[in-house]
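Please keep the sequence and the 3D view at hand while reading.

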Amino acid sequence: MSGNTDERGAAMIGARAQVRTDAPARYAKQLASHLGRKATVEELPDGHRIRLTVGYGDVLVRDDHLLLVAAAPDLDALAIVERVIGGHLERFGQRAELVVEWSAPENL
């Protein structure tokens, strides 16, 4: 990851999570659709970007997992993005026992 800033030019920090699932595209679509009621959702070539007031979360579809990338200007905001994105995904994937474990924060 390198040199990302928010719309004000402030440096961003981020964290990642790989969530194993047999249905990554379905969970990505469900998460984007649900959160799109209260947040801005942008289509990406391989998933969705969910923009929250404090930062954003990318939900990227891979063959056998979802790659989640949370980004925000500070640790408190990053924790909120992780909680919103990860918490909703875990609830949607409860039957499949999906677990979101975020990496340690790092500079983007």
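Leaving aside its neighbours within four places in sequence, which residues is Ile85 in contact with? The model examined here is a predicted one, and in it Ile85 touches Leu31, Leu35, Ile50, Gly57, Val59, Leu68 and Trp102, once those sequence neighbours are set aside. Ile85 itself is found in helix 2, which covers residues 75–92. Because buried means under 20% relative accessible area, Ile85, with a relative accessibility of 0%, counts as buried. Ala25, by comparison, is 60 residues from Ile85 in sequence, and the C-alpha atoms of Ile85 and Ala25 are 15 Å apart in space.

**The order of helices and strands**

The protein chain contains two helices and six strands, and, when it is read along the sequence, these follow the pattern β-α-β-β-β-β-α-β. The six strands make up an open sheet in the order 2-3-4-5-1-6, with antiparallel pairing. Strand 2 (40–44) and strand 6 are the edge strands of this sheet, since each of them pairs on one side only.

**How the strands pair**

| Strand pair | Bridges | Example of partners |
|---|---|---|
| Strand 1 and strand 5 | Eight bridges | Gly14 and Ala71 |
| Strand 1 and strand 6 | Two bridges | Gly14 and Glu106 |
| Strand 2 and strand 3 | Five bridges | Glu42 and Arg49 |
| Strand 3 and strand 4 | Five bridges | Arg49 and Asp58 |

Strand 1 covers residues 13–20 and strand 5 covers residues 65–72, while strand 6 is made of residues 106–107. Gly14 has a bridge partner in strand 5, namely Ala71, and also one in strand 6, namely Glu106.

Strand 3 (residues 47–51) and strand 4 (residues 56–61) form a hairpin with four residues between them, and strand 2 and strand 3 form a hairpin with two residues between them. Ile50 stands opposite Gly57 in strand 4, and both Ile50 and Gly57 are among the residues that Ile85 contacts. Is strand 3 largely enclosed or largely open? Four of the five residues of strand 3 are buried, so this strand is largely enclosed by the rest of the structure.

**The chain as a whole**

A compact globule with 108 residues would have a radius of gyration near 13 Å, and the protein chain, which has 13 Å, therefore agrees with that expectation. Taken along the principal axes, the C-alpha atoms fill a box of roughly 40 × 25 × 25 Å. Of the 108 residues, 43% count as buried. Among contacts with a separation of 6 or more, 58% are accounted for by residues 24 or more positions apart.

The accessible surface of the protein chain comes to about 6,300 Å², and 47% of this belongs to carbon and sulfur atoms. Finally, the protein chain carries 13 positive and 16 negative side chains, and the centres of these two sets lie 6 Å apart.

Note on methods:
Residues numbered from 1 in each chain as written. Predicted model: local features only at pLDDT ≥ 70, side-chain atom pairs only at ≥ 80, totals over all residues. Heavy atoms only, no water. Buried < 20%, exposed > 50% of the residue type's maximum accessible area, 1.4 Å probe, protein only. Contact = heavy atoms within 4.5 Å. Pairing = 2+ DSSP bridges. Rg over C-alpha atoms; globule rule 2.2 N^0.38 Å. Areas by Shrake-Rupley, 256 points an atom, 1.4 Å probe, with all protein chains shown as cover. Lys, Arg positive; Asp, Glu negative; His and termini not counted. Charge placed at Lys NZ, Arg CZ, Asp CG, Glu CD.
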